[in-house]
Every structure is written in structure tokens, then in C-alpha cells.
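Hi,

Here is the structure I said I would pass on. Have a look at it first, and my notes on what turned up follow below.

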Amino acid sequence: MITLATISPCFNEEEVLPDSVQRLSTLFDRLISQGVISKESRMVFVNDGSSDSSWDIITHLHNANKHVCGINLTTNRGHQCALLAGLTTAVDWADAFITIDADLQDDLEAIPQMIEHFEKGAEVVYGVKVQREADPLLKRMSAEAFYRLQRAMGVESIFNHADFRLLSKDAVKMLTQYEERNIYLRGIIPMLGLPSATVDDVISERSAGQSKYNLGRMLALAIDGITSFSVKPMYGVIYLGLVFLVIALLIGINVVWSLITGVAVHGWSSLILSVWIVGAFMLICMGIMGLYIGRIYQEVKRRPLYHIAKILI
């Protein structure tokens, strides 16, 4: 029998929290009665600087339900930092941890399967989306395009896996050794190299409220995911500079030919040629410097990823 902790980031989730706790409580009661998890298992909700009454609701639910715990961040730090805050804070509270969004669109019935894989030796169990008709068409298309783009960029990740996963205590402790500022857990966790397994994850409709992952947040996460694990975009800038250099050479040939044939426009040739040559070399230099400066800038500041205002255990 293991002690389980679910970790759920919350950002303005006042509408969905009561129902989510009720559904998780039903699952916990069933698993406890079956002897799968212990009575000390917990549901940890991480309030990520919500501007609504999410923290007040978490506090109320904590007082009414012995399984509910809360972590209140001082300000909004983003989904990935909130997940990491929950995992690192609760690392000694359980034997295994399942990260799942507070809206519970992920398949709760996959959790018993995750626990089975954990008991058989898997340190990481990924929930892989096999059916996501509940998601809007644009979100499904953009998500799958992003997974393919990651693969093309050389980022090691699990296709169609978001942040619904089980981690052992050892996996979480290893995860805390990663001190980088740009957090992208979907890329970091496969790097741990621990025994892993997958379970099917069927996405369902939200019971209330709206998804906080709009197009802007999804794009920001995509940029973090690629720039944190791949320098190929910067190589692309260099290659673009080389293309511009070739264009400049072709323009140079055209300029010489125009001078020979006497059809050159006075002043135009030298101006256009200089613009293309300078632009080409500027892009090449910016790309080379960007390979080194971009990551260094983010890391050397060593700012804390988050601050915790209060913990409810």
C-alpha cells in the first residue's frame, strides 16, 4: 500500500474546485477501501496567484476534507513553476505523486493503472492522450503540430503527453536537482532516464469554467519547450544569413553585369549591394551570439522560481 499525493496547479479555478475535490475524494475513498493507497494520501492544490476566490475555496475544502492540502504562491508564476512548487514542497508527504490539472479533464480512471505500473517498478508513468475530442479543434491541431515540431527540433518528449503523469519520490528528488530557470517538465522528466510506462488518457469536458490555457500561453510554453532544449532555431538564423549572403553575391554579379552593359542605375547598385551584404553578416553574427547569450541571460540571474505564502497540510 502506497501513500499517494496528487498535485494540481490552480489559476482562477473557483468554479471547478468543489467538483474536482468531490471527484478526487470519490476516487480516493475507493482506492483506500481496496487497499491500493493509504489513508494518509493527499490532494495538493497549488494556488498560482489566482485573482479570484480559489485560495479561499481551497482553505475551506482543507478544513472540511482531511485529504485536501494547499500551497499558496505569492504571485502567478505559470503552470510549470506551480507544478514544480507542488512537487518539491510535498516531496516528503508521499511515496508517489500524480500531477493533474485542477479541471480534471484527464482520465481519473487511468490513475489506478498508473499505480499498478508504479508497483511493478516504473518510476515515471505518462498519461498519453488517445482521444481528445473534448478539446477545441484549434487546440488539437496546434498541440499535435507542436509535438511534431519538438521532435524535429530534437527535443526528447512523449508524443501527445502533457503534464498528467505519476512520479516516484526518487524521481521528484532527482527533478529538484535541475536548477534551470526556464522550466519545461515534459522535456526534463524523460532526461531522468528512469524506468517508465504509459497509460491511455481520454480527455473529457470541463465540469465548469473555461480553460486558462489560451493561445498566448500555449505559444509561450511552446517557445520555452523548444528554446530550453534545442539550439536549432538559432542555427536556422545562421542558415538564413547564409541564404542572404548568396542573394547578395547574386546581386553583386548583377551589378557587375549592369556596369559592363552600361544599364546600371547610378547609386542604386552600391546601395542595394551594401544593404544585403551587411544584413547577411549581421544575421550570421546575431545567430552565433544568440547560441550562447540566450540561455546564459536566463540562467545567470538565479532568481527564485516562486515564493510560497502559506502551506495547508
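I115 touches I2, L4, L31, V36, I37 and L166, leaving out residues up to four places away in sequence. I started there since this is a predicted model, and I wanted a spot inside it to begin from. I115 belongs to the largest nonpolar core, which has 37 residues. L4, I37, F45, I111, I115 and L166 are the ones with the most contacts inside that core. Quite a few elements give two or more residues to it: the strands β1 (4-10), β2 (42-47), β4 (96-99), β6 (161-168) and β7 (196-202), plus the helices α1 (17-33), α2 (54-64) and α4 (110-119). Helix α1 supplies the largest share, seven residues. In general, nonpolar side chains tend to be buried together in soluble globular proteins.

There is also a second, separate core of 31 residues, with C69, A90, I189 and L305 among them.

Stepping back for the overall picture: the protein has ten helices and eight strands. Of its 313 residues, 45% count as buried. Take the contacts with a separation of 6 or more, and 82% of them are between residues 24 or more positions apart. The protein exposes about 15,600 Å², and carbon and sulfur atoms supply 60% of that.

F45 is found in strand β2 and is buried, at a relative accessible area of 2%. Apart from residues up to four places away in sequence, F45 touches S8, C10, L17, V21, L24, I58, V68, C69, G70 and I71. G70 is 25 residues from F45 along the chain, yet their C-alpha atoms are separated by 4.9 Å. The other residue is T6, in strand β1, which counts as buried at 1% relative accessibility. Setting aside neighbours within four places in sequence, T6 is in contact with L24, F28, R42, M43, V44, I98 and I100.

Helix α3 (residues 79-89) is mostly covered, with nine of its eleven residues buried. Those nine are H79, Q80, C81, A82, L83, L84, A85, G86 and L87.

Y297 is found in helix α10 (residues 268-300), and it counts as exposed because its relative accessibility is 51%, where the cut-off is over 50%.

Now the charged pairs. Opposite charges on side chains can pair when their charged atoms come close. The structure holds four salt bridges:

- R30 pairs with E109, the closest N and O atoms being 3.1 Å apart. R30 sits in helix α1 and E109 in the loop between β4 and α4, 79 residues apart, so the pair links distant parts of the chain. R30 is partly exposed at 32% relative accessible area, and E109 is partly exposed at 42%.
- D163 and R186 meet at 3.3 Å, N to O. Here D163 is in strand β6 and R186 in helix α7 (residues 185-191), 23 residues apart. Both are buried, D163 at 6% relative accessible area and R186 at 11%.
- E179 and R302 meet at 3.0 Å, N to O. E179 is in the loop between α6 (169-175) and α7, while R302 is in the loop between α10 and β8 (308-312), 123 residues apart. R302 is partly exposed, at 42%.

D163 and R186 also join R165 in a network of salt bridges.

One last thing to check is the backbone. Most residues other than glycine have a negative phi. Which residues have a positive phi although they are not glycine? N12 is one of them, at about 55°, and it lies in the loop between β1 and α1. L104 is another, also at about 55°, in the loop between β4 and α4. L104 is buried, with a relative accessible area of 0%.

Enjoy the browsing!

Terms used:
Residues are numbered from 1 along each chain as its sequence is written. This is a predicted model: local features need pLDDT of at least 70, side-chain atom pairs count only at pLDDT 80 or more; totals for chains, interfaces and linings use all residues. Side-chain values use heavy atoms; hydrogens and water are left out. Helices (H or I, at least four residues) and strands (E, at least two) are DSSP runs, numbered from the N terminus. Buried means under 20% relative accessible area, exposed over 50%, partly exposed in between (1.4 Å probe, protein chains only). Contact means heavy atoms within 4.5 Å. Accessible areas come from the Shrake-Rupley method with a 1.4 Å probe; for residues, only the protein chains shown count as cover. A nonpolar core is a set of buried Ala, Val, Leu, Ile, Met, Phe, Trp, Tyr and Cys residues joined through side-chain atoms within 4.5 Å. A salt bridge is a side-chain nitrogen of Lys or Arg within 4 Å of a carboxyl oxygen of Asp or Glu.
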